[in-house]
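Me: I have a new structure to look at. Can you walk me through it?

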There are 2 protein chains.
Amino acid sequence: MKPATLKEIAQKLNISVSTASKALKDYPDVSKKTKALVHELAKTLNYKPNSLAVNLRNKETKTIGLIVPEVVHHFFSSVIKGIISQAEKKGYLVIILQSNESYKLEKKQLNLLMQQRVDGILISLANGTADFMHLNEIVAQDKPLVMFDKIAKLVRCSKVIIDDRKAAYDATQHLIDIGCKKIAHFRGALLPQNSIDRFLGYKKALLDNQMDYDPSLVYICECGDKSFEEGKTNALQLLEDHTDVDGIFINTDLVAIGALTAFQEKGIQVPNDIAVVGFSNWFMSSVISPSLTTINQPGFLMGKTAFKQLYKEIKSKKKNKPIALKEIILQTDLIQRASTTLSS
Amino acid sequence: MKPATLKEIAQKLNISVSTASKALKDYPDVSKKTKALVHELAKTLNYKPNSLAVNLRNKETKTIGLIVPEVVHHFFSSVIKGIISQAEKKGYLVIILQSNESYKLEKKQLNLLMQQRVDGILISLANGTADFMHLNEIVAQDKPLVMFDKIAKLVRCSKVIIDDRKAAYDATQHLIDIGCKKIAHFRGALLPQNSIDRFLGYKKALLDNQMDYDPSLVYICECGDKSFEEGKTNALQLLEDHTDVDGIFINTDLVAIGALTAFQEKGIQVPNDIAVVGFSNWFMSSVISPSLTTINQPGFLMGKTAFKQLYKEIKSKKKNKPIALKEIILQTDLIQRASTTLSS
């Protein structure tokens with residue numbers, strides 16, 4: 001049973017919260033009868049006195065928890081590095097957990113971190129997360145929580161993100177600007193907000209340019225362990241489905257590199273047959289041939305910024321000051337490389 | 001002042017350890033005078049009764065600490081994934097710290113982990129670590145410690161490694177087998193054991209094949225953040241220094257990919273002009289063109305194995321059983337790809 005609040009006890013007995021509080025603390029100005037009633041109800045409803053809760057809450061462990069969908073991942077490992085570099089400066093240790101894109105695991109891991117009494121939690125959601133109760137519970141328990149990259153808009157906590165919709169719009173507009181007439185999109189999984197936003201940015205750019213939006217040009221990839229393979233598979237499927245596609249905007253660089261590999265194997269010239277834009281600016285994107293035009297997604301900065309915000313909230317809470325929730329949007333840029341630079 | 005041991009107290013008073021122990025516990029069969037002397041000396045020498053030490057020691061936090069030189073690193077992020085996947089199964093949380101290849105930071109981080117009372121520590125050493133006192137102190141405090149990949153041979157703890165010397169020997173022998181006559185080596189930094197061992201394996205293969213060992217063919221790279229750039233720079237330098245080199249064995253894949261990029265820019269044909277073997281089998285090695293022959297270094301398995309060993313030691317210690325230290329050597333294989341497959 002979930003412990004009752006003092007307010008609930010007061011309401012049930014039709015007394016004020018302050019009377020209920022005084023009764024529990026055995027103040028002389030409350031009648032014995034009221035005291036007995038409050039004590040009894042508190043026991044029945046499993047009420048835990050706030051003083052204890054406050055003590056537990058204020059005890060710092062100087063550790064924070066971090067949950068990411070995947071550790072072996074160019075973007076998330078940069079975020080992790082940003083977080084631990086900043087945490088180090090402030091004397092915090094970081095417990096890192098990997099949700100493997102699983103909602104169930106993510107939920108379990110949040111519980112583990114709470115049991116461990118971390119001072120705050122940073123999280124980027126699993127693709128499988130469609131229900132946010134486990135996050136709302138963290139917020140309800142007054143534990144500083146900052147989401148980054150893959151967030152849930154409706155959870156009342158600070159967020160550090162990029163403007164995925166705008167970035168995707170820019171990427172698609174760039175393909176249109178270089179002359180692409182039929183542009184496909186390899187999108188991410190269905191649930192994560194950033195994958196939805198990138199898709200919407202793609203779609204909006206098409207419509208703003210009076211181009212048709214054709215759902216059959218949108219391919220899904222889960223973007224987990226198998227990103228590279230998914231890129232290859234989707235690219236081969238695309239070549240079968242649509243012979244006249246001349247541009248693709250792809251959800252992440254690793255998938256894009258898979259697609260480039262498939263095109264190379266099939267003798268498709270990039271960018272002259274098909275121009276390709278990726279997303280994330282993984283350093284390999286500048287190294288491969290042809291080098292990949294992409295959106296620069298600042299992972300290290302995102303990690304640093306997320307920790308800084310969490311740190312502020314931890315400090316505010318310690319001083320019993322109100323926490324000012326923030327939504328911080330980091331800047332992205334399009335980096336043009338060979339995969340969209342047409343030889344004339 | 002470092003707390004005295006019971007043994008030191010007994011020696012100073014010229015009594016047996018068991019008498020000193022009994023005196024502190026107020027046993028009736030020890031004289032009042034002896035008890036007073038023992039108590040006084042214990043206080044003077046800052047002796048902490050063992051019972052307390054044992055309590056602290058046995059109190060599990062269900063967390064372990066992990067120190068790696070670098071998080072954004074194909075090999076270490078695989079190791080991290082192996083460790084946290086295994087820790088998850090056993091209900092342990094992993095605090096991850098990054099030493100940035102700095103001895104000073106590594107030392108500080110070990111202290112932080114001890115203060116945090118982790119149940120055990122996994123570490124891969126920074127390139128800057130040449131002194132091992134900080135590690136010996138962990139061992140002296142009876143804290144389970146397992147080193148992996150970059151280890152210090154002389155520290156008395158379990159180790160999970162590959163046979164770097166043999167792997168490097170195999171890589172160099174492969175270059176000799178395909179007909180290379182003058183083989184360079186891009187080695188890692190000077191201190192880490194694995195970088196020394198890879199160099200020694202390279203040298204031994206040359207000598208076993210009656211080929212000259214020429215120190216001017218050995219180039220150093222720090223293999224940190226700048227690996228890719230170092231690979232390019234070293235490759236360009238090599239082309240200036242030695243026009244007749246026809247093979248290179250390179251310490252890690254990322255450096256090797258840098259070298260391949262430089263060769264491509266300079267119009268050097270790989271493998272026909274220069275054959276290249278890397279080390280680690282990062283998945284990008286199979287994707288780039290030409291694909292890279294390399295040594296498969298099992299990062300995920302190394303992480304899993306290191307955690308399993310640490311877990312055994314934590315359990316043994318809890319049961320006051322002796323800890324059996326192990327040196328576990330994981331298998332490596334040479335994976336031949338295009339960068340050493342000569343067209344005939």
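**Rings, cavities and backbone**

Reply: Start with a charge and a ring. The charged end of B:R198 lies over the ring of B:F279, 3.7 Å from its centre. For a charge to sit over a ring, NZ of Lys or CZ of Arg must be within 6 Å of the ring centre and within 35 degrees of the ring normal.

Me: Which ring does the charged end of A:R198 sit over?

Reply: The ring of A:F279, with the charged end 3.7 Å from the ring centre.

Me: What should I know about the model and the numbering?

Reply: This is a predicted model, where local features need pLDDT of at least 70, side-chain atom pairs count only at pLDDT 80 or more, and totals for chains, interfaces and linings use all residues. Residues are numbered from 1 along each chain as its sequence is written, chains are lettered from A and ligands numbered from 1 in the order in which they are written, and side-chain values use heavy atoms, with hydrogens and water left out.

Me: OK, cavities. How many of 30 Å³ or more are there?

Reply: Two, from a search of the whole structure. A cavity is a set of points, on a 1 Å grid over the protein atoms alone, where a 1.4 Å probe fits but cannot get out. Points are joined across faces, edges and corners, and a volume is the space filled by probe spheres set on them.

Me: What volume does the largest cavity have?

Reply: About 230 Å³. Its lining has 21 residues, and the closest to the centre are B:H73, B:K150, B:N194, B:N251 and B:T252. A lining residue has an atom within 4 Å of a point.

Me: How do the lining residues of the largest cavity divide?

Reply: Six are nonpolar, ten polar and five charged. Here Ala, Val, Leu, Ile, Met, Phe, Trp, Tyr, Cys and Pro count as nonpolar, Asp, Glu, Lys and Arg as charged, and the others, Gly among them, as polar.

Me: Where does the largest cavity lie?

Reply: Between domain 2 (60-162 + 299-331) and domain 3 (164-297 + 334-340) of chain B, because both give residues to its lining. The domain bounds come from an automatic or database domain assignment. In chain B, α5 (74-89) and α9 (193-208) each supply at least two lining residues. Helices (H or I, at least four residues) and strands (E, at least two) are DSSP runs, numbered from the N terminus.

Me: Back to rings. How many aromatic pairs are there over all chains?

Reply: The count is 21. Rings of Phe, Tyr and Trp (its six-membered ring) pair if their centres lie within 6.5 Å; planes under 30 degrees apart count as stacked, over 60 as edge-to-face and the rest as tilted. One of the pairs is A:Y92 with A:Y311, edge-to-face at 5.9 Å centre to centre and 85 degrees between the planes.

Me: Which parts does that pair tie together?

Reply: A:Y92 is in the loop between α5 (74-89) and β2 (93-98) of chain A, and A:Y311 is in helix α12 (residues 299-318) of that chain, so the pair ties together parts 219 residues apart in sequence.

Me: Is A:Y92 buried or exposed?

Reply: Buried, at 2% relative accessibility. Buried means under 20% relative accessible area, exposed over 50%, and partly exposed in between (1.4 Å probe, protein chains only). Another edge-to-face pair is A:W282 with A:F283, with centres 6.3 Å apart and planes at 90 degrees. A:W282 is buried at 10%, whereas A:F283 is partly exposed at 33%.

Me: Which cluster do ring pairs form with those two?

Reply: Ring pairs link A:F228, A:W282, A:F283, B:F228, B:W282 and B:F283.

Me: Now the backbone. Where are cis peptide bonds?

Reply: One joins A:S289 and A:P290, with omega about -5 degrees. A:P290 is in the loop between β9 (275-277) and β10 (294-296) of chain A. Another runs from B:V270 to B:P271, with omega near 10 degrees. B:P271 is in the loop between α11 (253-265) and β9 (275-277) of chain B.

Me: What about phi at B:R117?

Reply: Phi is positive, about 55 degrees, although B:R117 is not a glycine. B:R117 is in the loop between α6 (103-115) and β3 (120-123) of chain B. B:R117 is partly exposed, at 36% relative accessibility.

Conventions:
On a 1 Å grid over the protein atoms alone, a cavity is a set of points where a 1.4 Å probe fits but cannot get out, and a pocket is an open set with protein on both sides within 12 Å along at least five of seven lines; lining residues have an atom within 4 Å of a point.
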